[in-house]
Amino acid sequence: MAAVTAEAKRKKLEQTNPDYNPDVVVETQNLTKVYRDFWGRQKVRALNALDLDVRKGEIFGLLGPNGSGKSTTIKLLLGLLFPTSGRALVFGKNADEVTKNERIGYLPEESYLYRFLNAEETLDFYGRLFDMPPKVRRERSRLLIEKVGLQHARRRQLREYSKGMVRRIGLAQALINDPDLIMLDEPTSGLDPLGTREMKDMILDLKAQGKTVIMCSHLLADVQDVCDRIAILYQGELKELGRVDSLLKISDETQVRFKGIPAAAHDEIRQVIERHGGEVLSMENPRTNLEELFLDIVRESQARPGHRSERARN
Amino acid sequence: MVVENFPNVLEWLRSGFGTFLILLLSGAVLGTVFGFLVATWRHGPVEGFYSVAGVIAAAPGDFLGTSFRRIGAIARLSIKEALRRRVILVTFAIFAALLLFGGWYLTNVEHPERVYINFVMWGTQLLVLLVGLLISAFSLPEDIRNRTIFTVVTKPVRATEIVIGRIVGFGALVTALLAIMALLSYVFVWRGLSHSHLLVGDTQTVAALEAVDPVQKLNPQGGRTSDNAVRAGSTTAEAGHRHDVEIIEDVRDPGGPQPIDQGNILSKETRADGKLVYRRVIVLPAAGHTHAATVSGPAGSESIGLGNSAGYFRARRPVYADLLQVYDTDGLEGQGTDVGREWRYRMYIDGGNATDPETLAKAEFQYSGLRPERFDPGETVILELTLAVFRTYLGNIQKRVLASIQLESIPADPQNEPRLQSEPILFETSEMQIQPLPVNRRLSGRRIAPDGTILESGVYGLFEDFASGPDKRIKVVLRCEDKNQYIGVSRADIYFRASDDWFAWNFAKGFLGIWAQMIIVVAIGVALSTVLSAPVTIICSLVLFLVGFATPFIRGLLDPTAEGGGPIESLIRILSQENMVVSLETTWFTTLMERMDDLLLAGLNSLTWLAPSFRDLDFSRFLTWGYSVSGDRLAVAILISLAFCFGASVFGYFCLKTREIAGQT
């Protein structure tokens with residue numbers, strides 16, 4: 001039964017994705033994870049018969065509410081968990097093989113780092129784990145610390161870091177080996193809007209370098225902004241899979257934005273639409289979102305310190 | 001001190017390596033079967049087979065892919081992490097407190113050095129093993145609990161590296177701790193025992209010593225003086241003891257050897273017969289040590305100074321007998337006379353009741369490798385004896401039992417070649433003590449033909465004439481010269497004392513023994529913590545170590561020749577209320593039972609090898625009794641610890657590899 005549904009899902013997957021790419025980085029086949037207690041009694045079916053392909057160079061988002069199996073999927077892909085049945089392949093290798101880790105970068109849910117190390121020591125330690133020679137380690141560390149903007153705190157122990165800083169150094173350690181595949185577990189959790197934006201920019205930057213990114217999140221806006229394709233999980237089941245733009249497109253509605261015409265013209269436009277049998281759903285001044293507003297204010301304050309924002313006064 | 005027969009490294013390796021391989025092999029088989037059973041329980045037999053096969057197939061690659069840089073990284077991290085825990089600091093505090101205040105309670109007038117050394121060895125061992133266990137048992141479980149391990153295992157880190165890196169890191173850390181503790185201990189023992197005395201009297205000159213009556217030979221305290229003493233006195237009491245001080249007349253041939261110690265000579269005269277007479281100040285040993293006396297100042301009013309305590313710290317290097325044979329009064333070789341329970345370790349020789357010494361029971365010790373360069377220069381060579389005495393009558397209990405030794409050469413062909421035999425050296429045995437017996441390097445004796453006729457008599461050299469052949473072999477014959485008394489001997493009871501080992505190095509060797517134990521503790525702690533939580537790891541390790549401390553006893557229980565048989569037979573005997581020593585009726589049932597018992601005992605016996613036998617690694621008894629730890633023992637201890645590290649690494653690898661790191665724990 002499971003095999004049949006898997007086959008059906010694969011067909012659906014191919015149909016919904018016109019630009020099918022055989023260059024598959026991650027593949028799961030009928031991947032199932034059941035948590036059991038010590039005596040082998042079933043407790044939770046965390047993931048049920050998941051079939052996924054992630055292709056080279058895309059940003060793939062795993063979406064779902066808490067407990068839907070996003071983190072379980074990532075942990076299965078990393079070999080941190082063993083599948084109850086089915087297979088998880090990364091670069092064509094079984095997920096429990098160590099050698100695949102050479103090309104993977106992983107940012108865990110909360111950056112589980114050694115809090116008694118400072119930023120440089122942290123990156124040096126993880127660099128050693130990749131068997132990198134000292135010179136390469138130093139160079140990579142310097143570059144990454146600069147990239148995530150922690151130059152001012154490179155010698156401070158991580159225990160003194162704010163949550164955002166820990167997140168940044170977490171990303172830096174995930175990139176220490178210049179990985180081809182980066183797995184991000186809730187990359188923006190705990191970050192302020194500015195940090196979130198920087199994180200998103202960095203993810204897009206990775207894509208521009210030709211890297212493959214898998215991220216899971218329940219912050220829908222983040223996923224929408226950066227992901228090429230998403231899978232939506234609910235209670236361990238794959239509910240939806242496809243390209244973000246095609247999934248979100250409302251094909252029977254059209255949005256028009258214009259500026260510089262008087263309010264009187266509004267009625268005219270409304271009449272034109274009605275004449276064509278259409279229905280006006282809304283016609284209003286667009287709002288910027290809070291993120292944009294916040295970022296604008298921050299940028300302005302950085303440009304003119306000590307002044308209250310011009311926009312806020314209006 | 002009882003010294004067991006100890007093989008050299010190669011002999012040990014021959015049997016030890018076999019045991020190691022058997023354990024490794026049976027561990028591999030049991031591990032595979034266990035893994036298969038668990039996998040079958042989880043996934044069914046087919047999937048289970050494949051998952052076990054997959055783990056085994058991946059192992060060689062993982063072992064070969066092990067990188068020193070990654071091990072180094074994990075080791076460094078472990079050290080930093082352990083230092084953060086402050087366990088080390090607390091340990092130092094406790095150790096410092098022990099050393100600061102321990103000295104107040106260490107009072108033993110007889111042998112203070114034994115108490116001191118025992119105390120520091122015991123304290124260090126306890127603390128270091130505890131620290132090793134704590135830091136190794138908590139590390140990995142904490143790492144998994146904090147999930148910091150996630151960022152490590154998602155790098156190309158092999159499970160071997162996680163285990164070995166920890167063993168190396170903690171090992172290095174605790175080694176440093178142990179080294180510092182050893183240094184502090186050495187200073188503590190040395191400082192704690194060093195003291196000096198003054199002479200009792202108005203001045204620190206010859207006048208403080210009273211003239212000795214040449215007939216009575218009594219010192220001012222009422223004790224006997226040495227035979228050649230002319231003046232005697234005493235020192236002040238320090239550290240709970242005082243020494244007798246004497247001025248002796250040392251008579252020498254002008255052409256012969258002169259005194260080595262020149263600092264204590266008061267005067268030198270030539271006697272009427274042409275011999276040289278030295279008057280020397282000597283301090284008699286008390287409480288296991290003595291002091292060097294120095295004479296200074298103008299003649300007639302020389303002042304006598306006593307130096308620092310010397311002779312506490314010894315590292316005797318015994319030359320034990322290779323062979324001990326005991327002959328009874330009829331000249332037949334045997335096990336000696338059975339004197340009851342004591343008999344098991346020592347064999348007892350009979351003092352006899354005949355007056356002809358040739359019919360007395362005797363014990364023959366055969367030695368080899370008696371080369372002069374192994375011994376301190378001097379006129380004598382020291383034989384040390386630790387004999388036991390069994391008295392059939394008390395008689396004068398103050399009077400000790402009389403015994404004699406005779407040195408003999410061992411000709412290559414005893415049937416045709418003559419042998420050398422020295423005059424018997426008579427001595428009184430002191431029981432329960434290490435008794436030094438100086439033997440002259442030149443001995444009067446005779447050359448005896450194989451048929452017993454005396455060919456010649458004369459003075460022969462111990463090393464030149466007695467110790468003959470390429471192996472430099474010699475025989476010591478011991479007889480009990482007191483009628484109806486018995487002397488107990490074991491192979492280690494009479495040994496030649498070669499020149500001492502350097503005490504500081506011996507002290508270091510004692511701590512290397514602790515080091516070997518500590519490495520085993522760390523390895524076992526890390527290995528068990530790959531699969532158990534920290535508290536359970538600690539409990540399991542402690543049980544292993546308890547078994548380890550008691551292995552000789554447990555192996556004794558598992559001896560199939562013990563009375564009452566193996567576990568099943570014993571149970572049946574208890575239930576049927578059979579006597580332990582009555583043999584059971586031979587039926588198919590008892591045969592089956594015995595076979596099963598044999599199997600069970602063999603299995604249990606091999607299990608005892610899993611527990612580290614800490615007695616083999618504990619050298620504190622050598623240090624406290626002042627013996628050098630032989631290089632063979634040290635090498636074996638280090639080999640044992642390395643074997644445990646290897647076993648622990650393999651065990652830890654498979655446990656960690658098959659463990660779901662992110663699984664719900």
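The term pLDDT stands for the predictor's confidence in each residue, on a scale from 0 to 100. This is a predicted model, in which local features need pLDDT of at least 70 and side-chain atom pairs count only at pLDDT 80 or more, whereas totals for chains, interfaces and linings use all residues. Residues are numbered from 1 along each chain as its sequence is written, and chains are lettered from A and ligands numbered from 1 in the order in which they are written.

**Chain A and its confidence**

Helices (H or I, at least four residues) and strands (E, at least two) are DSSP runs, numbered from the N terminus. By that convention chain A holds eleven helices and ten strands. The mean pLDDT of chain A is 82, and 90% of the residues score at least 70. Within chain A, confidence is highest in H3(A), at 93, and lowest in helix H11 (residues 310-313), at a mean of 53. Over residues 17-21 of chain A pLDDT stays under 50. Where pLDDT is low, the predicted coordinates should not be read in detail.

A residue counts as buried if 20 or more other C-beta atoms lie within 10 Å of its own, as exposed if 12 or fewer do, and as partly exposed in between, with C-beta atoms placed from the backbone. Chain A has 314 residues, of which 37% are buried. Two residues are in contact if their C-beta atoms, placed from the backbone, lie within 7 Å. Of the contacts in chain A between residues at least 6 apart in sequence, 67% join residues at least 24 apart.

Leu247(A) is partly exposed because 14 other C-beta atoms lie within 10 Å. Leaving out residues up to four places away in sequence, Leu247(A) touches Ile230(A), Glu240(A) and Gly242(A).

**Where the chains meet**

The contact between the chains draws 25 residues from chain A and 29 residues from chain B. On the side of chain A that touches chain B, helix H2 (70-78), strand S6 (104-107) and helix H3 (119-129) each supply at least two residues, and the largest share, four residues, comes from H3(A). Sorted by class, that side has 17 nonpolar, four polar and four charged residues, where Ala, Val, Leu, Ile, Met, Phe, Trp, Tyr, Cys and Pro count as nonpolar, Asp, Glu, Lys and Arg as charged, and the others, Gly among them, as polar.

**Two helices of chain B**

The expected span of a helix is 1.5 Å times one less than its number of residues. Just after H3(B), Arg86(B) has a positive phi of about 70 degrees.

Helix H9 (residues 503-529) of chain B should span 39 Å with its 27 residues, and the end C-alpha atoms are 39 Å apart, in agreement. H9(B) is mostly covered, with 22 of its 27 residues buried.

**Strand pairing in chain B**

Two strands pair if DSSP finds at least two bridges between them.

| Strands | Pairing | Bridges |
|---|---|---|
| S11(B) and S22(B) (residues 485-489) | antiparallel | four bridges |
| S19(B) (residues 442-448) and S20(B) (residues 454-461) | antiparallel | seven bridges |
| S13(B) (residues 380-385) and S23(B) (residues 494-498) | antiparallel | three bridges |

An open antiparallel sheet of three strands runs in the order S11-S22-S14 (chain B). Its edge strands are S11 (347-350) and S14 (388-391), each pairing on one side only. In this sheet Tyr348(B) stands opposite Gly488(B) in S22(B).

A second open sheet has four strands in the order S8-S23-S13-S18 (chain B), also with antiparallel pairing. Strand S8 (317-319) and strand S18 (435-440) of chain B each have a single partner strand, so one side of each is left without a neighbour in the sheet. Glu384(B) has Tyr495(B) in S23(B) as its bridge partner.

The hairpin of S19(B) and S20(B) has five residues between the strands, and in this hairpin Gly452(B) takes a positive phi near 100 degrees. Ser444(B) is the bridge partner of Val459(B) in S20(B).
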